[in-house]
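User: I have a model open and would like to go through it with you before I set anything up. Could you take me through the fold and the side-chain pairs?

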Amino acid sequence: TDRKRFRHDQIADVLRMRAVFESTPYDKIPHNELCRCVGIESLMSTKLLERTLEHRANHLNVILFEQKCQRDMGVCDPDRLASIAERHSRKVSLRA
């Protein structure tokens, strides 16, 4: 079934990424490898899960801050909000 195949693929991803984490210092893991952890962070390691949650919270705070600024100025600019969110995501991605 699809559910069994998904679970099989998920386990394979976790095992492959654990091997990468064991053989490579965390700060040297390429961004594209870290992207493969999306959705399986909680199965990988506590450190990865904490870092992922921290990045998500930070990203959300950037967006909420911009929304508050716009609301305080009586402005509603969804394009600016999207642009800020995209720039922040790109910065975080480049640092990862």
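Analyst: What follows goes from the overall fold to single residues and their partners. This is a predicted model, in which local features need pLDDT of at least 70 and side-chain atom pairs count only at pLDDT 80 or more, while totals for chains, interfaces and linings use all residues. Residues are numbered from 1 along each chain as its sequence is written, and side-chain values use heavy atoms, with hydrogens and water left out.

User: Fine. How many helices and strands are there?

Analyst: The protein has five helices and zero strands, where helices (H or I, at least four residues) and strands (E, at least two) are DSSP runs numbered from the N terminus. Along the sequence the pattern reads α-α-α-α-α.

User: And what is the radius of gyration next to that of a compact globule?

Analyst: The protein has a radius of gyration of 17 Å, whereas a compact globule of 96 residues would be near 12 Å; the radius is taken over C-alpha atoms, and the globule rule is 2.2 Å times the number of residues to the power 0.38. Along the principal axes, the C-alpha atoms fill a box of roughly 50 × 35 × 20 Å.

User: What share of the residues is buried?

Analyst: Of the 96 residues, 24% count as buried, with buried meaning under 20% relative accessible area, exposed over 50%, and partly exposed in between (1.4 Å probe, protein chains only).

User: Which residues make up the largest nonpolar core?

Analyst: That core has eleven residues, namely Val14, Met17, Val20, Phe21, Tyr26, Ile29, Leu34, Cys37, Ile40, Met44 and Leu48, and its largest share, four residues, comes from α1. A nonpolar core here is a set of buried Ala, Val, Leu, Ile, Met, Phe, Trp, Tyr and Cys residues joined through side-chain atoms within 4.5 Å.

User: What does Val14 touch?

Analyst: Not counting residues up to four places away in sequence, Val14 touches Ile40, Leu43 and Met44, a contact meaning heavy atoms within 4.5 Å.

User: Switching to charges: how many salt bridges does the count come to?

Analyst: The count comes to four salt bridges, each one a side-chain nitrogen of Lys or Arg within 4 Å of a carboxyl oxygen of Asp or Glu. Among them, Arg80 pairs with Glu66, with the closest N and O atoms 3.0 Å apart. Arg80 lies in helix α5 (residues 78-95) and Glu66 in helix α4, so this pair ties together parts that are 14 residues apart in sequence.

User: What else does Glu66 meet?

Analyst: The side chains of Glu66 and Gln70 are joined by a polar contact of 2.9 Å. For such a contact, a pair of N or O atoms must lie within 3.5 Å; within protein, one must be able to donate a hydrogen and the other to accept it, and residues adjacent in sequence count only if both atoms are side-chain atoms. Leaving aside neighbours within four places in sequence, Glu66 is in contact with Arg80, Leu81 and Ile84.

User: Which other residues of α4 are buried?

Analyst: The buried residues of α4 include Leu48, Thr52, Ile63 and Gln70, along with Glu66. The helix has 27 residues and reaches 38 Å from its first C-alpha to its last, close to the 39 Å expected, which is 1.5 Å times one less than its number of residues.

User: Where do Lys68 and Asp72 lie?

Analyst: Both lie in helix α4, four residues apart, about one turn of the helix, and Lys68 forms a salt bridge with Asp72 whose closest N and O atoms are 2.7 Å apart. Lys68 is partly exposed at 41%, while Asp72 is exposed at 56%.

User: Last one: what does Ala85 touch?

Analyst: Ala85, in helix α5, touches His59 and Ile63, not counting residues up to four places away in sequence. With a relative accessible area of 15%, Ala85 is buried.
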